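Dear colleague,

My notes on it follow directly after.

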Amino acid sequence: DMSFQKVDDNFEYRVGTKVAMAVYLDEVPPSAGNVAPGNGTVPAEEVGLICGPEKRVNIYTGEVTRVGEHHVAYNINTFKGFSGALVFLVDGPAQHAFVPKAEYGKVIAVHAGYDSGSDSNIGFKIGKSSPPPGSS
């Protein structure tokens with residue numbers, strides 16, 4: 001079964017929540033050679049180590065960095081073409097205790113893209129939760 005379930009409507013979106021996206025990478029994005037900090041370049045033979053192999057699904061991980069009324073921001077490394085990917089909760093010991101185990105693997109947002117104003121990736125929330133006070 002290749003489907004996802006959304007988080008419970010009462011799920012509490014919180015900064016620090018561990019998240020991931022699964023994206024099929026048909027080919028390494030042209031922008032992938034410029035992924036090093038400080039706008040440096042990465043040698044072509046190393047780009048696959050960062051992006052993942054072509055012609056397969058790759059998992060990209062990060063955590064929620066900001067919670068808005070209708071969106072979440074996260075630090076997952078993304079490339080052009082990832083918009084529409086599902087952002088889901090990571091399972092295992094790396095996940096915070098405040099995330100119920102019953103929610104592991106469930107979708108919290110749909111990736112919308114990179115927001116240069118906030119220098120972060122954002123996704124539109126799925127569910128009906130409002131942000132905790134002071135987290136916007």
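Strands, like helices, are DSSP runs numbered from the N terminus, with at least two residues (E) for a strand and at least four (H or I) for a helix. Two strands are said to pair if DSSP finds at least two bridges between them.

The model is predicted, so local features need pLDDT of at least 70 and side-chain atom pairs count only at pLDDT 80 or more, while totals for chains, interfaces and linings use all residues. Residues are numbered from 1 along each chain as its sequence is written, and side-chain values use heavy atoms, with hydrogens and water left out.

I begin with strand β6. Strands β5 and β6 run antiparallel and are joined by six bridges, with D115 standing opposite S120 in β6. Four residues lie between the strands of this hairpin, where D119 takes a positive phi near 50°. β6 also pairs with β3, again in the antiparallel sense, over four bridges; here H71 stands opposite F124. Because five of the six residues of β6 (residues 120-125) are buried (under 20% relative accessible area; exposed is over 50%, partly exposed in between; 1.4 Å probe, protein chains only), the strand is largely enclosed by the rest of the structure.

Next, the nonpolar core (a set of buried Ala, Val, Leu, Ile, Met, Phe, Trp, Tyr and Cys residues joined through side-chain atoms within 4.5 Å). The largest one has 22 residues, and V19 and I108 have the most contacts inside it. Two or more residues come from each of β1, β2, β3 (71-74), β4 (86-89) and β5 (107-115), with β1 giving the most, four residues. Beyond its neighbours within four places in sequence, V19 is in contact (heavy atoms within 4.5 Å) with residues including Y60, V64, Y74, F88, L89 and I108.

Finally, the salt bridges (a side-chain nitrogen of Lys or Arg within 4 Å of a carboxyl oxygen of Asp or Glu). The whole structure holds three. One joins E63 and K18 at 2.6 Å, N to O. This pair links distant parts of the chain, as E63 lies in β2 (residues 56-67) and K18 in β1 (residues 18-25), 45 residues apart. E63 is partly exposed, at 26% relative accessibility. Another joins D9 and K6 at 2.4 Å, N to O; D9 is partly exposed at 30%, as is K6 at 42%. In the bridge between K106 and E103, the closest N and O atoms are 4.0 Å apart, and both residues are buried.

With kind regards
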